[in-house]
Amino acid sequence: MSASEDRGGQAFREEALELLDDLENSLLELEENPQDEDLINRVFRAMHTIKGSGAMFGFDDISTFTHEVETVFDLVRGGQMSAGSDLINLTFSARDLILAMLEGREEESEVQAEEIISSLRELSGAVSGEAEEEEKAEEAPEGEKRAPRPEDKIYRVRLCPSPEIFLSGTDPVSLLEELFELGQCRVLMYEKVPPLSEFNPDMCYLSWDIILTTDQDADTVRDVFIFFEEDEASVQEISEDESGDDYKKIGEILIERGDISAEEVQTILKAQKPLGKMLVEAGVISERQVQAALEEQKVGRELSQVRKKSEAVSTTSNIRVAADKLDDLVDLAGQLVIIQSRLSQVARQEQGQILGNIAEELERLSDELRDSTLGIRMLPIGTTFGKFRRLVRDLSQDMGKEIELQTEGAETELDKTVIEKLNDPLVHLLRNSIDHGVEQPAERRAAGKPACGTVTLRATQAGGNVLVEIEDDGKGMDPNKLREKAEGMGLVSSGQELGDREALNLIFHPGFSTAGQVSDVSGRGVGMDVVKKNIESLRGQINIESQPGKGTRISVKLPLTLAIIDGLQVRVQDEFYILPLSNVEECVEIRRGEEENRGKEVVRIREELVPFISLRDSFRISGDTPAIEQVVVTNTDAGRVGVVVDTVIGEHQTVIKSLGRMYKDVPGISGATVKGDGTLALILDISHLIKSMHQKAV
Amino acid sequence: MSKKIMTVDDSASVRQMVAFTLKEEGFEVVEAKDGQDALSKLNSPVDMIVTDLNMPNMDGIELIKNVRAKSDMKFIPIIMLTTESQAEKKTEGKKAGATGWIVKPFKPEQLMSVVKKVLK
């Protein structure tokens, strides 16, 4: 396959994926309103497009298969069939199968395709006695007709060469051809052929009216006729002040063209017949002149419509860009931020006024550049909501439950990468809500709740974070039961006091599952611990609130973007580290050498004891411990813990670079960044660092 | 086959400049120093004539009229080289059957754009 074909194939895949998403949504809506013609048409069009472009890019299997579905929906469209639940279900499977074909999962497809096709034919068999061969009449390309563009202008060109034109070595045809090259022409020709006895074959008896639609300026059009006098060839630009839908009235055009006077029009108008006809009848102008004017009117109206349409389109125009190009851009913007902070540092050292000003301006610009670059990557989270609606529909049907998914804040924007990585955890959480949360209808009625349960998927933005919540009105979780189970598993000792919140957090323990038996739905070998890990890898936090009998709410707090964080730069000996500023509460001094602090691993801050770890010890950095150290008090899910360092340098905007594969799983380090002076600093994952220290201690 | 163009001018420098420009563009060029010289060289027809107006022996207008009277060259393009002051000459030339004109002084590019236009 050649490179261009491959690109075409790639474009088709992208387009088809989008169409399939859209199709899924349309089907879900159609299920609720089976009569909606718009929706039926949308389904039909999606299938039609996939079929058509699929065939163009060599996806013959997809094209052939989609044709079958399209045929059925054509019947639905024609009112010969209804969009019943059987058809909807079949179409859902068809949609999934097309997706499988697109993703190259051929092995499943062939048998399934046949099954779906035969079921579809069965469904439609009753009605489709008619032939299905009407597809071939796809619109043939209309020659090379140039479509009008909004920036086009209309020129009125009148060419009345003197009869001797040939004798001056000029061929009018070449002039007309020159006009055709400029743009779209509508040509009307007039002939004034004399009686045969006076006919001279060397003479030209023709003249032309041309309505030229082009984006060229008037001088370029006039240049075609540079060797002509004004009375032989005239070019007139038609002003575009025409307001509203309508191009000028025919009378106005004729007056403007100088074919008749305003008074003549007025006189005729009083007679109240179609104006063009009346003018001709009155002998004021010829039929041809009216024709020319009518032609001009037509062109003008067309253009004004194109202009209007383009206005409507331009307000919502989009460009599709490959994701890796965006990644490159983000990377470049990140590097620019690094260089810029280096420049700022130099400017501060040099203390030069001019350099300082430039550095400041560059800082502002690169900040803006960074923000808008990151902004490009932002997608509304709602793009994934459609998928979840399908999930809830399918699962609740499987389990005999009635569940409605409500979504809120679909427009909330999140980094594309975050949205992608959020998918699996959200699927898992939704499954949990449907499987363990919402009860069977009978059980719900007995508890005095409506039979139909509700699962709410909500996204809201709060500062630099996005909060995604999954809430159900199911049976909730009982902390006591969780405690019992934890004791049974030996996770907690029987005497241990455990608050409700901590009890709920037990479900994040590996292998901890609240359901008596692992069901097919939420089981799948993935536990809540993995969900938590996934969320944390996105530098997010997960929280549970639950009330027995009322329902459960799981909140996931995520950063807007993964590429850049605000960090606190610290130093130990000659090594630099970055702590995520969101984890930092405060910084205090400590003198570990002094009697009262010696040997202890806690520091007293405003009458509160805070445990600490020493970064110097954690990373076994050699050298002398300074007399006065700094404690950076952090707050993570590992609790409130101090991190002892030599010096706190200050806030540092950090572009995160991931470490190579070799260092991916080093506990306590999540990445690295290049500092202003070009040297490296490691970014700390506080929560893991503390946990790994605890493990070592035990 | 390349087109043949005749350049007529009593000034050798202008004639050579026109000839040089046209040859550069791949045309075959016939040079004539006045109208009479031109007519005598037109036994084999050309595709186009670029002529000065003010010339001894036979001027441009007269040449145009003569060419138009020849049956095998009555439709070929003829370009006049005129000066700004000769507005009435322009009209006269047109009447005689000139296709177009180039105002002196002109640059080679101007000449070529006109030649290409009328030879299309």
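Reader: In what order do the elements of chain B run from the N terminus on?

Author: This is a predicted model, in which local features need pLDDT of at least 70 and side-chain atom pairs count only at pLDDT 80 or more, while totals for chains, interfaces and linings use all residues. Residues are numbered from 1 along each chain as its sequence is written, chains are lettered from A in the order in which they are written, and side-chain values use heavy atoms, without hydrogens and water. Helices (H or I, at least four residues) and strands (E, at least two) are DSSP runs numbered from the N terminus, and chain B has five helices and five strands. From the N terminus on, these elements follow the order β-α-β-α-β-α-β-α-β-α.

Reader: How many residues of each class make the contact of helix 1 of chain B with helix 5 of chain B?

Author: The axes of helix 1 (residues 12-24) and helix 5 (residues 108-119) of chain B, which are lines fitted to C-alpha atoms over the stretch in contact, come within 10 Å and cross at roughly 60°, on a scale from 0 to 180 degrees between N-to-C directions. Contact means heavy atoms within 4.5 Å, and the contact is made by Met17(B), Val18(B), Thr21(B) and Leu22(B) of helix 1 and by Pro108(B), Leu111(B), Met112(B) and Val115(B) of helix 5. Where Ala, Val, Leu, Ile, Met, Phe, Trp, Tyr, Cys and Pro count as nonpolar, Asp, Glu, Lys and Arg as charged, and the others, Gly among them, as polar, the classes are seven nonpolar, one polar and no charged residues.

Reader: Which residue in strand 17 of chain A is the bridge partner of Glu586(A)?

Author: Strand 14 of chain A and strand 17 (residues 629-636) of chain A run antiparallel and are joined by six bridges. In strand 17 of chain A, the partner of Glu586(A) is Val633(A).

Reader: Which residue takes a positive phi in the hairpin of strand 12 of chain A and strand 13 of chain A?

Author: Strand 12 (residues 564-572) and strand 13 (residues 575-580) of chain A pair in the antiparallel sense over six bridges, with Leu568(A) opposite Leu579(A). The hairpin has two residues between the strands, and the residue with a positive phi near 55° is Gln573(A).

How values were computed: Pairing = 2+ DSSP bridges.
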